[in-house]
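Let's take a walk through this structure together, strand by strand and then out to the side chains. Have the sequence and the 3D view at hand as you read.

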Amino acid sequence: YGDFETLIVEKADGVALIRLNRPDVLNALNSTVARELVELVGLIDRDPEVGCSVITGSEKAFAAGADISEMETKSYMEMYGEDFFAVWERFTHARKPVIAAVAGYALGGGCELAMMCDFIIAAETAKFGQPEIKLGVMPGMGGSQRLTRFVGKSVAMDMCLTGRMMDAAEAKQTGLVARVVAADQLIEEAKQAARTIAGFSQPIVAMTKETVNRSYEMTLSEGIRFERRLFHAMFATEDQKEGMNAFVEKRKAQFKDR
Ligand code: CO8
């Protein structure tokens, strides 16, 4: 995919492993990270060899937030004029799934980036938080909205108003993360989940992701109708025929649609 200043990318077995690589600042998310991640997910969406991505940080930090030194002196007009942080919206438009593999700190923008992914696998060392209130601001990359949808109003208020951290066990119990694993198993577990997803039909995976995401935007009856219409559309794919035929013939399906 070319060289990136703030990311390291490895591609194997249908999976792109993306590492945030700003170790000196605990992977603080500056505009370069945002621009590069958006560019990369666009390239991955167009790469038929990759079916799923994993995004991770270091053992110490997934990401300790938006880059405070980049924001500190900005004026209102600079923030508004640049529409600061709007670029992150484009990260959420990725059509292929992205799994967040979180070890260590996922604070502020780091927690928000993890929540922009399709699901989170956490190491036992993970710590999540929205500590922006301590800096005289509040979450700015979707945290007030996404965290509330993940964990409910009471816990989200507690997190955003006190700025406290949540450990991996609480993150699992409140539904913020899908799985918690030992720290030394994190990358393998996330890659294994990604390989499983990459082994399925790519258009069906993309439609499934889109349909689950609609549940955040639609009423229940509209969402169920959306699901049913796409379910019907799946019968136009070769992969639906292959998947069901393989089951009937008791063999492993070979999905081919791209
Ligand atoms: N931005 C920039 N630099 C950072 C950040 C950050 N978010 N986090 C850590 N760093 C840097 C530190 O300054 C330090 O640099 P140096 O070595 O040059 O002093 C280096 O990373 C290592 O950090 P520490 O020495 O602090 O490491 P510790 O292990 O002692 O502490 C912590 C780790 C607890 C994670 C601590 O670094 C910390 O509290 N970081 C800040 C966490 C935070 O507040 N995050 C929220 C940031 S704001 C945000 O994400 C959204 C803002 C929304 C604005 C909306 C605008 C539209």
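Predicted model: local features only at pLDDT ≥ 70, side-chain atom pairs only at ≥ 80, totals over all residues.

Start at Val-15, which stands opposite Cys-52 in strand E3. Val-15 belongs to the stretch where strand E2 (residues 15–20) runs parallel to E3, the two being paired over 5 bridges. To get from E2 to E3, the chain passes through helix H1 (residues 31–45), and this β-α-β crossover is right-handed. E3 also has a parallel partner in strand E5 (residues 98–102), with 4 bridges between them. There, Val-54 sits opposite Ile-99 in E5.

How enclosed is E3 by the rest of the structure? Largely so, because 5 of the 5 residues in the strand (residues 52–56) are buried. Both of its faces are covered: Cys-52, Val-54 and Thr-56 are buried on one side, and Ser-53 and Ile-55 on the other.

Cys-52 brings us to the cysteines. Its relative accessible area is 0%, so Cys-52 is buried. Could you expect a partner for its sulfur? The closest cysteine sulfur, in Cys-117, is 10.0 Å away, which is too far for a bond. Cys-111 is in no disulfide either, with the nearest cysteine sulfur, that of Cys-160, 8.6 Å away. Cys-111 is also buried, at 1% relative accessibility. Across the whole structure, the search finds 0 disulfides.

Charged side chains tell another story, with a count of 11 salt bridges. One of them joins Lys-11 and Glu-49, whose closest N and O atoms are 2.9 Å apart. Lys-11 lies in strand E1 (residues 7–12) and Glu-49 in the loop between H1 and E3, so this pair ties together parts that are 38 residues apart in sequence. Lys-11 is partly exposed at 40% relative accessibility, while Glu-49 is exposed at 55%.

Another salt bridge links Lys-209 to Asp-118, again with closest N and O atoms 2.9 Å apart. Because Lys-209 is in helix H10 (residues 202–214) and Asp-118 in the loop between helix H5 (109–116) and strand E7 (119–123), the pair connects parts 91 residues apart in sequence. Lys-209 counts as buried at 13% relative accessibility, whereas Asp-118 is partly exposed at 27%. Salt bridges with shared partners also join Lys-11, Asp-47 and Glu-49 into one network.

Ile-68, Leu-135 and Val-137 make a nonpolar patch of about 280 Å². Ile-68 is found in helix H2 (residues 68–71) and is partly exposed, at 45% relative accessibility.

How values were computed:
Residues numbered from 1 in each chain as written. Heavy atoms only, no water. Buried < 20%, exposed > 50% of the residue type's maximum accessible area, 1.4 Å probe, protein only. Pairing = 2+ DSSP bridges. Right-handed = clockwise from strand over helix to strand, strands pointing away. Patch = residues over 30% accessible without salt bridge, like charges linked within 9 Å, V, L, I, M, F, W, Y side chains within 5 Å. Areas by Shrake-Rupley, 256 points an atom, 1.4 Å probe, with all protein chains shown as cover. Salt bridge = Lys/Arg side-chain N within 4 Å of Asp/Glu carboxyl O. Disulfide = S-S within 2.5 Å.
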